[in-house]
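This report describes a single structure for a reader who has not seen it before. The sequence and the model come first, and the description follows.

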Amino acid sequence: MIEDPSIPRIVQLPRIQDPRGNLTFLEGGNHVPFDIARVYYLYDVPGGETRGGHAHRELEQVIIAVSGSFDVVLDNGDGHQERHFLNRSYYGLYVPRMHWRELENFSSGSVLLVLASEKYDEDDYYRDYSEFLSDVRGS
């Protein structure tokens, strides 16, 4: 069954368990539903801070809690929000294009890894929520 590319979902990543330590790997176009063009990570986020606060016109992402935990709040502009609690390094959250995201409730020492389908392009960002809603409702 082919997954709907417009719906956020948890992606289970391979996990090789070993008494010496576990290993998880991923491949673009295989475990991640796109070719990976950029990787970045967030760390040392102070308690109580939020990150994100934007959406993308074209970019898709998989967000992984490499260490610690945090919440990802998604909004596709239809008045419904989804909250995803990430705390396992072998699960990723697929975030399609045109989803407003907020990142919050970071645990101490958390590291958030993002795999992105596109290189950085400021023109791909919605940084104003009302502009995002206007474009969602206009399409």
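## A salt bridge between Asp18 and Arg20

Aspartate 18 is partly exposed, because its relative accessible area is 26%; buried means under 20% relative accessible area, exposed over 50%, and partly exposed in between, with a 1.4 Å probe and protein chains only. Aspartate 18 forms a salt bridge with arginine 20, and the closest N and O atoms are 2.8 Å apart. A salt bridge here is a side-chain nitrogen of Lys or Arg within 4 Å of a carboxyl oxygen of Asp or Glu. Arginine 20 is exposed, with a relative accessible area of 77%. By this rule the count comes to 6 salt bridges.

## Basis of the model

This is a predicted model, in which local features need pLDDT of at least 70 and side-chain atom pairs count only at pLDDT 80 or more, while totals for chains, interfaces and linings use all residues. Residues are numbered from 1 along each chain as its sequence is written, and side-chain values use heavy atoms, with hydrogens and water left out.

Side chains of opposite charge can pair when their charged atoms come close. Arginine 97 and glutamate 58 meet in a salt bridge through their side chains, at 3.5 Å from N to O. This pair links distant parts of the chain, 39 residues apart: arginine 97 is in the loop between S9 and S10, and glutamate 58 is in the loop between strand S5 (51-56) and S6. Strands (E, at least two residues) are DSSP runs numbered from the N terminus, as are helices (H or I, at least four). Arginine 97 counts as partly exposed at 38% relative accessibility, and glutamate 58 is partly exposed with a relative accessible area of 46%.

Arginine 83 forms a salt bridge with glutamate 104, with the closest N and O atoms 2.7 Å apart. This pair also links distant parts of the chain, as arginine 83 is in strand S8 and glutamate 104 is in strand S10, 21 residues apart. Arginine 83 counts as partly exposed, at 48% relative accessibility, whereas glutamate 104 is buried, with a relative accessible area of 19%. Salt bridges that share partners join Asp71, Arg83 and Glu104 into one network.

## The sheet around Glu104

Strands of a sheet pair through backbone hydrogen bonds, either parallel or antiparallel. In this model an open sheet of 5 strands has the order S8-S7-S10-S5-S12, with antiparallel pairing. Strand S8 (81-86) and strand S12 (125-126) stand at the edges, and each has a single partner strand, so one side of each is left without a neighbour in the sheet. Two strands pair if DSSP finds at least two bridges between them.

Strand S7 (residues 70-75) is joined to S10 by 5 bridges, and the two run antiparallel. Glutamate 104 is found in S10, which spans residues 100-104. Aspartate 71 has glutamate 104 in S10 as its bridge partner. Not counting residues up to four places away in sequence, glutamate 104 touches Glu49, Thr50, Phe70, Asp71, Val73 and Arg83, where contact means heavy atoms within 4.5 Å.

## Nonpolar cores

A nonpolar core is a set of buried Ala, Val, Leu, Ile, Met, Phe, Trp, Tyr and Cys residues joined through side-chain atoms within 4.5 Å. The largest one has 14 residues, of which Ile63, Phe70, Val72, Leu86, Leu103 and Leu112 touch the most other members. At least two residues of this core come from each of strand S6 (61-67), S7, strand S9 (91-95) and strand S11 (111-116). S7 gives the most to this core, with 3 residues.

Another core lies apart from this one and has 9 residues, among them Val11, Val32, Phe34 and Tyr94.

Serine 69 is found in the loop between S6 and S7. Serine 69 is buried, with a relative accessible area of 13%. Leaving out residues up to four places away in sequence, serine 69 touches Phe85, Leu86, Asn87, Asn105, Phe106, Ser107 and Ser110. The C-alpha atoms of serine 69 and arginine 137 are separated by 33 Å, and the two residues are 68 residues apart along the chain.

Ile16, Leu23 and Phe25 form a nonpolar patch on the surface, with about 270 Å² of accessible area together. Patches are made of residues with over 30% relative accessible area and no salt bridge, with like charges joined within 9 Å and nonpolar side chains (Val, Leu, Ile, Met, Phe, Trp, Tyr) within 5 Å. Accessible areas come from the Shrake-Rupley method with a 1.4 Å probe, and for residues only the protein chains shown count as cover. Isoleucine 16 lies in strand S2 (residues 15-16) and counts as partly exposed, at 46% relative accessibility.
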